[in-house]
Every structure is written in C-alpha cells, then in structure tokens.
There are 2 protein chains.
Amino acid sequence: MDTPRERIIDTASLLFHQQGYNSTGINQIISEANVAKASFYQHFKSKDDLCVAFLNARHGYWFSELITYVSKSKSTKKRILKAFDFIVYMNEKEGFRGCSFLNILSEISKEQGTILSVIQAHKNDLRKFFEKELGEELLSAHIYLLFESSIIESQLFKSNELVKKSKKIVNSLI
Amino acid sequence: MDTPRERIIDTASLLFHQQGYNSTGINQIISEANVAKASFYQHFKSKDDLCVAFLNARHGYWFSELITYVSKSKSTKKRILKAFDFIVYMNEKEGFRGCSFLNILSEISKEQGTILSVIQAHKNDLRKFFEKELGEELLSAHIYLLFESSIIESQLFKSNELVKKSKKIVNSLI
DNA sequence: AAGTAAATAGACAGACTTGTCTGTTCATTT
DNA sequence: AAATGAACAGACAAGTCTGTCTATTTACTT
C-alpha cells in the first residue's frame with residue numbers, strides 16, 4: 001500500500017470529486033484512507049491545506065492525461081479536436097462530475113485566496129496550452145471558452161451532446 | 001417590511017450567493033431575516049425546499065432583468081451583443097459571484113434530483129432564448145456556450161476580460 | 001540491541017448543523 | 001369581545017464538523 005500521505009490525497013480526490021469539498025469531512029477521509037487523525041494533521045496543517053495539495057495533484061494528473069491523449073495526433077487541428085474527445089473520455093470515466101477546479105471555485109469564500117489562485121493557475125495553463133497550439137490570441141481564447149463550457153454543460157445535462165456540438169463548431173473554426 | 005416568506009427568500013438569495021449553499025445555515029438565514037425558526041419550517045419543509053424556492057425566484061428575477069436589458073435594442077444582432085453587456089452589468093452589480101444555478105450545481109449530490117432539474121430547466125430556457133433570437137440551431141448553441149463560459153470565467157478571474165473577448169467573437173459570428 | 005521517527009487508536013473540546021417542539025404574543029376576522 | 005391563525009422566542013435532540021491531545025505500537029537506522 002501507499003504512504004499515508006498518498007492514501008489521503010487519493011481518497012480525498014475521489015470524495016471531493018464525488019461529494020464536493022464542503023460535504024466531505026476529514027473523518028470520512030481518514031477512515032476510508034485508513035489513516036489516523038494525528039497522522040493526517042502531521043501531513044496537512046488544515047483541510048484547506050489538503051485542498052491545495054489535492055488541486056496540485058489533480059493538476060498534474062489531468063494535464064498529463066490530456067497531453068498523452070492529444071499527442072497521438074500529428075497536426076494542430078487534429079490535436080485540438082482530440083482535446084474535445086478527451087472531455088468525452090473523462091466524462092465517461094468519471095461520471096460527468098465536471099471540473100474539480102470549477103467545482104471547488106463555487107464552494108470557496110473570499111478568505112480562501114490561496115485556493116483561488118491555484119484554480120486560476122490551472123486555468124491559465126489550459127489557456128496557454130491552446131495558445132501554444134494555435135498561436136492566434138483571439139482564436140485560442142475562443143476555443144478555450146468552448147472547451148470550458150463543454151465541460152460544464154456536460155456536467156449539467158449529464159450528456160456529451162454539447163461537447164460534440166462544440167467539436168463540430170471548432171472543426172469549422174480552424 | 002415584507003412577509004416572513006419573502007424576507008427568508010431575499011436573505012437566502014443574498015447568503016447563498018455570497019457564501020454558497022452548503023456554507024449557509026438555517027440559523028443564519030432566520031437570524032438575518034428576523035424570522036422565527038418555527039415560521040421558517042411553516043413555509044419550507046426543508047432546506048432543499050427553500051433552495052428550490054430560491055432558484056425559482058432567481059430564475060424569474062434574472063430573466064426579467066435580462067429581457068429588460070436587451071429589449072432596448074431593435075435588431076437581433078444588437079440584442080445578442082447586449083446580452084453580453086448584461087453579464088458585465090451583473091458582474092459589477094453582484095461582485096463577480098457567477099451564476100447561482102451553476103454554483104449550486106457544484107454543491108449538490110445525486111440524491112438532490114429536484115434541485116438539479118430546476119437548474120436544467122433554467123439553462124434550457126436560456127438556450128431557448130438564443131434559439132428564438134437566432135433561429136439557427138448550431139449558431140445559437142455556439143453563442144449559448146460562449147455566454148456560459150463568459151459568466152464562469154469572469155467569476156474565476158474576477159474580471160470582464162473574457163466577456164469582452166466573447167462579445168468581439170460573437171460580433172464576428174452574426 | 002537501543003534509539004528515533006512515524007505511524008496507530010481514539011477520546012475530547014467547542015462549535016456548528018438541521019429539524020422538532022413548547023409555549024407566548026399579536027393581528028385580523030367573525 | 002371572542003376566536004382563529006400566524007408569527008414570535010428559544011430550548012432541545014442528535015448529529016455533524018475541524019482540530020488537539022495523550023498514549024501506544026510499529027518500523028527503520030545506527
């Protein structure tokens with residue numbers, strides 16, 4: 001088995017994603033991760049601290065999955081279209097639970113500025129991904145916006161309908 | 001002063017919007033609405049029941065504000081562009097707190113199906129709004145998607161930058 | 001083999017949550 | 001003037017939450 005720290009982050013990832021951040025308690029996390037409470041607070045100084053660690057882990061995981069998924073395609077256009085297939089792939093894999101980062105964005109208050117900046121950094125990296133692929137400023141923003149709403153709308157309607165429409169739109173744009 | 005029911009919904013609107021749904025307790029709502037707890041449970045059978053009532057009230061308010069805002073313009077194109085100005089207007093008015101419906105979407109579990117369907121109904125009405133204005137299926141979905149991400153991205157970055165970019169994009173589309 | 005660091009279990013504090021309940025006061029209507 | 005319904009205050013149950021604490025056991029290193 002993994003180290004306590006890894007078990008905590010893995011369990012928290014699952015639970016935050018399934019139930020939301022505020023609806024998931026420390027007690028459930030440590031119980032399902034088979035970790036003592038004192039061990040938890042040895043590794044994380046607070047729940048918000050765990051949240052930041054979770055988001056960083058999620059950032060790494062999600063991006064490496066995306067890059068692996070799209071890099072099979074050779075042309076820019078194909079890679080961009082593949083990114084929208086990636087949403088479908090993740091929706092099916094994770095049950096239409098949307099974006100971890102945007103979900104937590106809805107749950108935090110003004111005081112949790114550290115968490116907000118981690119979320120912003122993640123989305124800035126996503127914007128950069130499209131910018132690097134496409135070069136053009138306005139076009140890459142356009143695709144980024146369609147990408148973002150594709151994730152949210154599939155979470156809302158538990159359906160890939162609008163992801164596929166987005167892909168069709170993007171196909172006509174580039 | 002208003003009736004207790006109205007005071008409860010008004011207060012809940014404010015607090016849900018500012019702090020989120022799960023972070024706002026019944027006790028705070030009744031205290032700030034100057035209503036007794038027994039009176040609260042005479043009007044709403046649960047917190048989720050209040051949530052539905054709040055979303056319905058918000059739906060009515062938000063749409064009437066949108067229609068008032070855009071109907072000053074005469075052509076379809078101008079009305080669509082005005083809809084994006086409406087986001088900027090609401091962001092400034094409400095402090096970049098995003099969409100009440102999507103915020104609550106991130107907080108609810110699978111068991112809260114009633115709430116989910118109220119959120120879906122709201123967004124379906126928004127889709128219909130664009131469809132009626134534009135006729136074309138794919139184009140109206142396109143604008144709807146840009147509209148949705150404009151709201152979310154401005155909440156995320158506490159800025160109207162991407163709303164304005166969206167407006168520029170939409171201007172070139174129609 | 002002794003010592004150190006990290007894990008364990010789980011009690012506890014203090015504050016919070018939703019929802020129920022009793023009993024009182026007020027305003028309107030008959 | 002009596003009666004009815006709706007509001008009031010607030011105690012209470014039963015459970016949740018985060019975070020701290022003590023005390024014990026395991027595992028690794030010197």
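**Pockets, cysteines and the DNA strand D surface**

The second largest pocket is lined by 21 residues, and Ile108(A), Ser109(A), Lys110(A), Gln18(B) and Lys158(B) lie nearest its centre. Two or more lining residues are given by each of α7 (113–134) of chain A and α1 (4–19) of chain B, and α1(B) provides the largest share, four residues. Helices are DSSP runs (H or I, at least four residues) numbered from the N terminus. The model is predicted, with pLDDT of at least 70 needed for local features and 80 or more for side-chain atom pairs, whereas totals for chains, interfaces and linings use all residues. Residues are numbered from 1 along each chain as its sequence is written, chains are lettered from A and ligands numbered from 1 in the order in which they are written, and side-chain values use heavy atoms, with hydrogens and water left out.

A pocket is an open set of points on a 1 Å grid over the protein atoms alone where a 1.4 Å probe fits, with protein on both sides within 12 Å along at least five of seven lines; its lining residues have an atom within 4 Å of a point. The second largest pocket holds about 370 Å³ of space, and the largest about 440 Å³, a volume being the space filled by probe spheres set on the points, which are joined across faces, edges and corners. The largest pocket has 24 lining residues, with Gln18(A), Lys158(A), Ile108(B), Ser109(B) and Lys110(B) nearest its centre. Its largest share, four residues, comes from α1(A).

No disulfide (a pair of cysteine sulfur atoms within 2.5 Å) is counted over all chains. For Cys51(A), the nearest cysteine sulfur, that of Cys99(A), is 12 Å away. Cys51(B) lies too far for a bond, because its sulfur is 12 Å from the closest cysteine sulfur, in Cys99(B). Cys51(B) counts as buried, at 0% relative accessibility, the term meaning under 20% relative accessible area (1.4 Å probe, protein chains only).

Around DNA strand D there are 18 residues, of which Ile26(A), Asn27(A), Lys37(A), Lys47(A) and Ser39(B) come nearest; a residue is near the strand if one of its heavy atoms lies within 4 Å of it. Four residues of this surface, the largest share, come from α3(B). Phosphate oxygens of DNA strand D lie 3.1 Å from a side-chain N or O atom of Tyr41(A) and 3.0 Å from a backbone N or O atom of Asn34(B).

Note on methods: Buried < 20%, exposed > 50% of the residue type's maximum accessible area, 1.4 Å probe, protein only. Polar contact = N/O pair within 3.5 Å; in protein donor to acceptor, adjacent residues only side chain to side chain.
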